[in-house]
Amino acid sequence: MDWKEISAKTVDEALTNAMLELGTTIDNIEYEIIEKESSGFLGIFGKPAKIKVRLKMSLENTAKKFLQDVFQAMNIQAEIQVLYDQENATLEINVDGEEMGVLIGKRGQTLDSLQYLISLVINKNSENYVKVKLDTENYRERRKETLENLAKNIAFKVKRTRKPISLEPMNPYERRIIHSALQNDKYVETYSEGEEPYRKVVVNIKKGMRDLKYSNNKSTGGYRKDYNKDGNRGYNKPYNISKSGYNKNYSTDYIKDYEKYKESKEKKEQVETV
């Protein structure tokens with residue numbers, strides 16, 4: 001962070017101006033007095049105070065400065081809020097502004113990439129690893145809910161067909177959400193296969209359940225014996241590919257999802273202003 005020189009009638013006034021200009025408090029800046037104010041002789045030849053000041057390079061300020069430079073290059077106007085939890089070694093960053101869909105990108109890929117870059121910057125000279133979470137428009141929570149619903153729907157299909165289903169490639173965080181959503185399911189199991197960045201989750205029927213056929217009869221636990229074993233081998237087609245080869249994008253269309261979120265947010269704001 002570069003030094004800035006600020007002049008005022010007094011040192012205290014110069015510090016106040018510095019805090020206003022940098023948008024922070026005295027705890028987050030460091031300064032040096034270049035020249036104290038001077039009243040001169042009989043009020044003549046007086047000189048103002050002059051200081052140089054800059055933000056302390058804390059984790060919060062480092063992350064904030066990095067994002068400000070990125071947003072300036074992208075011509076994005078946004079407010080950045082940073083919260084550092086030293087005990088749990090986590091840094092949570094929330095960005096608020098207009099048209100955050102650009103920042104989210106397709107299925108959050110832009111947001112994930114930016115989060116990865118911030119993590120590299122933060123942990124470059126840090127002795128202990130700090131986990132970074134970057135979010136905007138509550139996207140992380142909405143994406144988690146979408147993936148959990150997806151996992152339940154896929155599990156239902158696997159139980160009904162007894163055929164494994166491969167999901168589309170996901171990052172480790174999203175794969176963990178799928179695994180966690182189905183870890184207590186009695187009838188299906190999940191595992192990951194493939195190499196990054198194409199590693200994906202497979203949902204399959206558990207061993208011992210493959211000779212049973214799923215039904216809606218709750219009295220039998222949803223399964224009954226199956227005497228027809230046809231069609232139970234070799235099926236591993238990704239669920240999001242239809243017979244025509246069209247990618248149905250079952251997880252979430254981020255544009256529709258974001259527009260739906262904006263519409264809901266605007267309605268809520270209209271109700272609050274009435």
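## Basis of the description

Two strands pair if DSSP finds at least two bridges between them. Helices (H or I, at least four residues) and strands (E, at least two) are DSSP runs, numbered from the N terminus.

This is a predicted model, in which local features need pLDDT of at least 70 and side-chain atom pairs count only at pLDDT 80 or more, while totals for chains, interfaces and linings use all residues. Residues are numbered from 1 along each chain as its sequence is written, and side-chain values use heavy atoms, with hydrogens and water left out.

## The chain as a whole

The chain holds seven helices and eleven strands. It has 274 residues, of which 31% count as buried. Buried means under 20% relative accessible area, exposed over 50%, and partly exposed in between (1.4 Å probe, protein chains only).

Contact means heavy atoms within 4.5 Å. Take the contacts between residues at least 6 apart in sequence: 56% of them join residues at least 24 apart.

## The β4-β5-β6 sheet

Three strands make an open sheet in the order β4-β5-β6, with mixed pairing. The edges are β4 and β6 (131-136). Each has a single partner strand, so one side of each lacks a neighbour in the sheet. On average, neighbouring strands here are turned by 15° against each other, direction ignored. Axes are lines fitted to C-alpha atoms, for helices over the stretch in contact, and angles run from 0 to 180 degrees between N-to-C directions.

Strand β4 (residues 78-85) runs antiparallel to strand β5 (residues 90-97), and eight bridges join them. Alanine 78 has glycine 97 in β5 as its bridge partner. The two strands form a hairpin with four residues between them. In the turn, alanine 89 has a positive phi of about 55°. On the other pairing, β5 and β6 are parallel over six bridges. There, valine 95 stands opposite threonine 136 in β6.

Angles under 35 degrees count as roughly parallel, over 145 as roughly antiparallel, 65 to 115 as roughly perpendicular and the rest as oblique. The crossing of α2 past α4 is right-handed. A crossing is right-handed if the near helix is turned clockwise from the far one by less than a right angle, and left-handed if anticlockwise.

On the α2 side, the contact residues include Leu59, Phe66 and Phe71; on the α4 side they include Leu114, Ile118 and Ile122. By class, this contact has eleven nonpolar, one polar and no charged residues. Ala, Val, Leu, Ile, Met, Phe, Trp, Tyr, Cys and Pro count as nonpolar, Asp, Glu, Lys and Arg as charged, and the others, Gly among them, as polar.

## Isoleucine 122

Isoleucine 122 sits in helix α4. It counts as buried because its relative accessibility is 5%. Leaving aside neighbours within four places in sequence, isoleucine 122 contacts Leu59, Thr62, Ala63, Leu91, Val130 and Val132. Leucine 59 is 63 residues away along the chain, yet the two C-alpha atoms are separated by 6.4 Å.

## The β7-β9-β8 sheet

A further open sheet has three strands in the order β7-β9-β8, paired antiparallel. Its edge strands are β7 (165-166) and β8 (188-193), each pairing on one side only. Strand β9 (residues 200-205) pairs with β8 over six bridges, in the antiparallel sense. Threonine 190 stands opposite valine 203 in β9.

Helix α5 (residues 139-161) packs on this sheet. It touches β7, β8 and β9, and its direction makes about 40° with that of β9. Helix α6 (residues 172-182) lies across β8 and β9 and runs at about 165° to β8.

## Helices α5 and α6

The two helices pack at an angle of about 50°, with their axes 9 Å apart. α5 and α6 are therefore oblique to each other. α5 passes α6 in a right-handed crossing.

Among the α5 residues in the contact are Arg143, Lys144, Leu147 and Ala151; among those of α6 are Glu174, Ile177 and Leu182. By class, the contact of α5 with α6 has eight nonpolar, no polar and five charged residues.
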